[in-house]
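Subject: A structure for you to look at

Hi there,

Here is the structure I promised to pass on. Have a look at it first, and then read my notes below.

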Amino acid sequence: MADVEAPKIDGSIKKKLMYVNRKAPYGTIYALESLEVVLISAAFEQDVSLAFLDDGVFQIMKNQNTSGIGMKNFSPTYKALGDYEVTKLYVEKESLDERGLKPENLMDITYEDEADDYTEKPSIHIVSRSELTDIMAQQDVLLNF
Amino acid sequence: MKFGVLVTEGPYTHQASDSAYQFTKAALEKGHEIFRVFFYNDGVNNGTRLAVPPQDDRNLQKAWSELAEKYKLDLVICIAAAQRRGILDANEAKRHGKDADNIAPGFRISGLGQLVEAAIIADRLVSFGD
């Protein structure tokens, strides 16, 4: 009982799991609890990616400050995703445009590419709505938060 | 087909648990397998046995518990989400020094890995929420 049980899956199953983040980071708990599943899923060695669209793009904005609302600023955790081998973060361009945001307003989230002499590479990919549709269509499992 | 079911909203406020229940029941009656039903976010509130809905309304917790008993369903409540919202089994109540537990029959508390495992093992993961 309690805490996290060890995965019971043999390495032969590898699925494409995408976490779809649609809501602002504060105001509801969805963003935080989505991130909690993402971190756990890293232990299962699956092909994990994240999508940020609608108000979900606010989750990875730079310079978040929650001191006025009495909530923990959990945004630094996104920068640690590379250490969990979560290296594909797709951000929908139209959602940024609709909110007056630019790619430079987003945090610098990177990972070290093991296959390329640990070169630091950006995890964030800005994609159009139609490109994101195609990427979603390639997934085995979509988890919406 | 082998289904996993994810419920992310609480009972009565939202239709998610009703729809998930109807889907799960229909799938089982058609002979499909439900690998697991996982309750996350406010969905964990489906697993308290202390709710007392009006007698002329449906009792969702009771419906889930009965379905679990009939089909040996695996109803899993996320431990992290449950701790935040005060859903405890006897072990958890003891571990945190609380004076009572409230988990309903047929439900068990476990980690988020159980959701990821269901996503991987099931042919389809069906989500019920916003």
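Two residues are in contact here if their C-beta atoms, placed from the backbone, lie within 7 Å. Please keep in mind that this is a predicted model, where local features need pLDDT of at least 70 and side-chain atom pairs count only at pLDDT 80 or more, while totals for chains, interfaces and linings use all residues. Residues are numbered from 1 along each chain as its sequence is written, and chains are lettered from A and ligands numbered from 1 in the order in which they are written.

Let's start where the chains meet. Chain A gives 24 residues to the contact and chain B gives 21. On the side of chain A that touches chain B, α1 (30-41) and β7 (141-144) are the elements that give two or more residues; helices (H or I, at least four residues) and strands (E, at least two) are DSSP runs, numbered from the N terminus. The largest share of that side, six residues, is from α1(A). Sorted by class, the side has 15 nonpolar, three polar and six charged residues. Here Ala, Val, Leu, Ile, Met, Phe, Trp, Tyr, Cys and Pro count as nonpolar, Asp, Glu, Lys and Arg as charged, and the others, Gly among them, as polar.

Now zoom in on α1(A) and α5(B). From α1(A), A:Val37, A:Ile40 and A:Ser41 meet B:Gly113, B:Leu115 and B:Val116 of α5(B). This contact has four nonpolar, two polar and no charged residues. The two axes come within 9 Å and cross at roughly 70° (axes are lines fitted to C-alpha atoms, for helices over the stretch in contact, and angles run from 0 to 180 degrees between N-to-C directions). α1(A) is therefore roughly perpendicular to α5(B) (65 to 115 degrees; under 35 is roughly parallel, over 145 roughly antiparallel and the rest oblique).

Is α5(B) itself buried or exposed? Eight of the nine residues of this helix (residues 113-121) are buried, so it is largely enclosed by the rest of the structure. B:Gln114 and B:Glu117 are among the buried ones. Buried means that 20 or more other C-beta atoms lie within 10 Å of a residue's own, exposed 12 or fewer, and partly exposed in between.

Finally, look inside chain B. Helices α1(B) (residues 16-29) and α2(B) (residues 60-71) pack at about 20°, with axes 11 Å apart, and are therefore roughly parallel to each other. Their contact includes B:Tyr21 and B:Leu28 of α1(B) and B:Trp64 and B:Leu67 of α2(B).

Enjoy exploring!
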